[in-house]
Amino acid sequence: MKNSHTTLPGLPGETPIALGIDIGGTKVAAVLVGPDGTVIARERGPVAPQSNQSALDSIFAVADRLLESAPAARARLAGIGAGAPGGVDWRRGVLTGATNLAWHDLPLGQALSDRYGCYAAVENDVNVAAWGERSLGHIIMSTVTSNSADAAPIDHLAFVTVGTGIGAGLIEDGRIVRGKRGAGEIGHIPLLDNGVLCKCGMSGCLEAVAAGPAFGAAGRDAAARGESPRLLELAGGDPAAVSAVHIIAAAQEGDSAAQRLLGREGHYLALAALICWRMLDPQLIVFGGGLSEAGPPLFDAIWANVRRLRPHGPDPATYILPSALGPDAGALGAAALILRPEPGFLAAGLVTH
Ligand SMILES: [Zn+2]
């Protein structure tokens, strides 16, 4: 049975190319992607978020360089997808604003469409990464044939990003779950009765104890208290220099304080996974973001805690997986908004020049 992907109206030619842009707080990464998800070219540069105009200029600079580097692909450009942090009015292609970033009601979709003469789609960065994992990352091959053209996307997926913050992009029945203004803020569920104040104004949030900065801070505290000589050694003798990478390395070497911190992190992220499971009943729960790059030691800790908390469930290693797209999830997911359009965009969210 052949799976036919929904396509945009009026795509030029048989082999459309999409440009995907991942906009962060400090940098812009962009990729040109072929119809099968292959990266043709990539480019990156700093973002200047001080104003709407400076942000646009820095995004254009990266996209211009990328398109100039691949003129043949430029001629087949079907559209541009972009993901950005904070509030996004995806129907209008407008970035409404984000903490620490000064842009406000930035009409990015229209600006991209006008400048490059193609479709544009703009979405929140975590939703974009979830869409990328669903459309170009974790796909189920048809049981009938091993032909990659028959690969079917996952229709129920939770993507949990663990980096400077914790959040989830949720895919339900092949659609992005958006809520009223922004669904999936699982980092700000006040799970813990620990009195730790979160930047969102509540206390006991998962993000305040389990995001990358909190994990690193716990390691620095342990080193400063003299609990882990090995952690201190890895950080060059300076407790203030201890990072998440050092904690994971020390834990793998058998350091008991670092193993305790990694085990606690695994417990917190297991809670995040189980919240997604109970709320959405997804086929897959995918972890991405900077801290997830720690790889097997972190996933072993997550899986061990899920096995403990859900002893009669399926093996968590079969449904809780690392990102298939890794650091490219944002840019590839943005391209996937064009190559494998999300139903909402087909109905209402594509900006045209
Ligand atoms: Zn919070």
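At 38% relative accessibility, Asp105 counts as partly exposed; that class lies between buried (under 20% relative accessible area) and exposed (over 50%), using a 1.4 Å probe and protein chains only. The model is predicted: local features need pLDDT of at least 70, side-chain atom pairs count only at pLDDT 80 or more, and totals for chains, interfaces and linings use all residues. Residues are numbered from 1 along each chain as its sequence is written, and side-chain values use heavy atoms, with hydrogens and water left out.

**Positive phi**

- Asp105 is not a glycine, yet its phi is positive, about 50°.
- Asp105 sits in the loop between β6 (94-97) and α3 (108-116). Helices (H or I, at least four residues) and strands (E, at least two) are DSSP runs, numbered from the N terminus.
- Asp173 also has a positive phi, about 55°, without being a glycine.
- The loop between β11 (166-172) and β12 (175-176) holds Asp173.
- Asp173 counts as exposed, at 54% relative accessibility.

**Zinc site**

- Four atoms coordinate the zinc ion: His188 (ND1), Cys198 (SG), Cys200 (SG) and Cys205 (SG), at 2.0 to 2.4 Å. Donors are N, O and S atoms within 2.8 Å of the metal (3.2 Å for Na, K and Ca); water is not among the atoms, so sites may look incomplete.
- The 4 donor atoms subtend angles of 101 to 123°, so the arrangement is tetrahedral. For four donors, that label requires all angles to lie between 85 and 135 degrees.
- The spacing of the donor residues in sequence is H-x9-C-x1-C-x4-C.
- Cys198 and Cys205 are both buried. Cys200 is partly exposed, with a relative accessible area of 38%.

**Cysteines and disulfides**

- The whole structure contains 0 disulfides, a disulfide being a pair of cysteine sulfur atoms within 2.5 Å.
- Cys276 is buried, at 3% relative accessibility.
- The closest cysteine sulfur to that of Cys276 is in Cys205, 15 Å away, which is too far for a bond.

**Helix α9**

- Helix α9 (residues 256-280) has 25 residues. From first C-alpha to last it reaches 36 Å, close to the 36 Å expected at 1.5 Å a residue. The expected span is 1.5 Å times one less than the number of residues.
- At the start of α9, a side-chain oxygen of Asp255 comes to within 3.2 Å of the backbone nitrogen of Ala257.
- Asp281 follows α9, with a positive phi near 50°.

**Glu227**

- Glu227 lies in the loop between α6 (212-224) and α7 (229-234).
- Its relative accessible area is 34%, so Glu227 is partly exposed.
- Leaving out residues up to four places away in sequence, Glu227 touches Ala222, Ala257 and Arg260. Contact means heavy atoms within 4.5 Å.
- The side chains of Glu227 and Arg225 are joined by a polar contact of 2.5 Å. Such a contact is a pair of N or O atoms within 3.5 Å; within protein, one must be able to donate a hydrogen and the other to accept it, and residues adjacent in sequence count only if both atoms are side-chain atoms.
- Asn305 is 78 residues from Glu227 along the chain, and their C-alpha atoms are separated by 24 Å.

**Helix α1**

- The end C-alpha atoms of α1 (residues 52-69) are 26 Å apart, which agrees with the 26 Å its 18 residues should span at 1.5 Å a residue.
- Buried residues of α1 include Leu56, Ile59, Phe60 and Leu66.
- Elements covering the buried residues of α1 include β1 (17-23), β2 (27-33), β3 (39-46) and β4 (77-84). Helices α2 (71-75) and α3 are also among them.

Technical notes: Four donors count as tetrahedral if all angles lie between 85 and 135 degrees; four count as square planar and six as octahedral if opposite donors are over 155 degrees apart and all others between 65 and 115; anything else is irregular.
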